[in-house]
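Here is a short note for someone opening this structure for the first time. Please read the points with the model in view.

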Amino acid sequence: MTTPLSPARATLDESRLQGCDAVLFDLDGTLADTAPDLAAAVNKMQRARGLPETPLDVLRPLASAGARGLLGGAFGIAPQADGYDAMRDEFLANYAADLCVRTALFPGIDAMLDELDARGVRWGIVTNKAMRLTAPLVDLLGIGARAACVVGGDTTPHAKPHPAPLLHAAERLTLTPERIVYVGDDLRDIQAGSAAGMATVAAAYGYCGDGVAPAQWQAQHLVETTQQLRELLRDVGL
């Protein structure tokens, strides 16, 4: 079963989720396991420099942070450092060339989306991944045409944790934010969802970063598996 993060808010949380009519999902680490291909892109850079590759299990928690997280984990370089922009461009070129080799939807996600579709519950994607990568990836995963909206990190002037991408998605769905639940595997997802006024679900089965634990993100619900997420979302649209 799902676990409300604050017992005192359990009744409020339940009523808010049951009052939702649509679902928005983060992409990397929430719907799809993209870490293998993201890690491969940075490992290619390491091989080109004669350096040992960083293991996938080290890079996996950093995958939701994209280039910043992967380059930081593999090379210890920060966005403010000299040479970072060139390394970021190299990483993104590597990734774009092999976008969906080992990437796949997490087990149970496709069935969950099928269930939402069958019930007539609209769902969409809000990610910080640039649209030039997001659009082909969701099509390769077979979910692009099914999504009611797809919002990338460059669709609005601000990326998450700013609420702008989620508010844009709400406009696309023609729903008030209060009628939408947002599911993500990173602290900034919950911050963005809360700032937008949406119900929030922390996906603890995802990458979750290497900092604050999901139970401390102040999401309204926390799920440990995709099956728990599927069960929770059965309240949407009721």
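1. Start with the second largest pocket: α4 and α9 each supply at least two residues of its lining. Helices (H or I, at least four residues) and strands (E, at least two) are DSSP runs, numbered from the N terminus. This is a predicted model: local features need pLDDT of at least 70, side-chain atom pairs count only at pLDDT 80 or more, and totals for chains, interfaces and linings use all residues. Residues are numbered from 1 along each chain as its sequence is written, and side-chain values use heavy atoms, without hydrogens and water.

2. The volume of the second largest pocket is about 250 Å³. Of its 16 lining residues, those closest to the centre are Ala65, Asp186, Arg188, Gly209 and Asp210.

3. The largest pocket holds about 470 Å³ of space. Its lining has 25 residues, with Ala65, Gly66, Ala67, Asn128 and Lys129 nearest the centre. Two or more lining residues come from each of α4 (66-75), α5 (84-97), α7 (131-140) and α9 (187-196). The most come from α5, with four.

4. Phi of Cys208 is positive, near 65°. Gln218 is in the loop between β8 and β9 too, and has a positive phi of about 65° without being a glycine.

5. Are these residues buried or exposed? Gln218 is exposed (over 50%) at 63%.

6. Look also at the cis peptide bond between Lys160 and Pro161, with omega about 20°.

How values were computed. Buried means under 20% relative accessible area, exposed over 50%, partly exposed in between (1.4 Å probe, protein chains only). On a 1 Å grid over the protein atoms alone, a cavity is a set of points where a 1.4 Å probe fits but cannot get out, and a pocket is an open set with protein on both sides within 12 Å along at least five of seven lines; lining residues have an atom within 4 Å of a point. Grid points are joined across faces, edges and corners, and a volume is the space filled by probe spheres set on the points.
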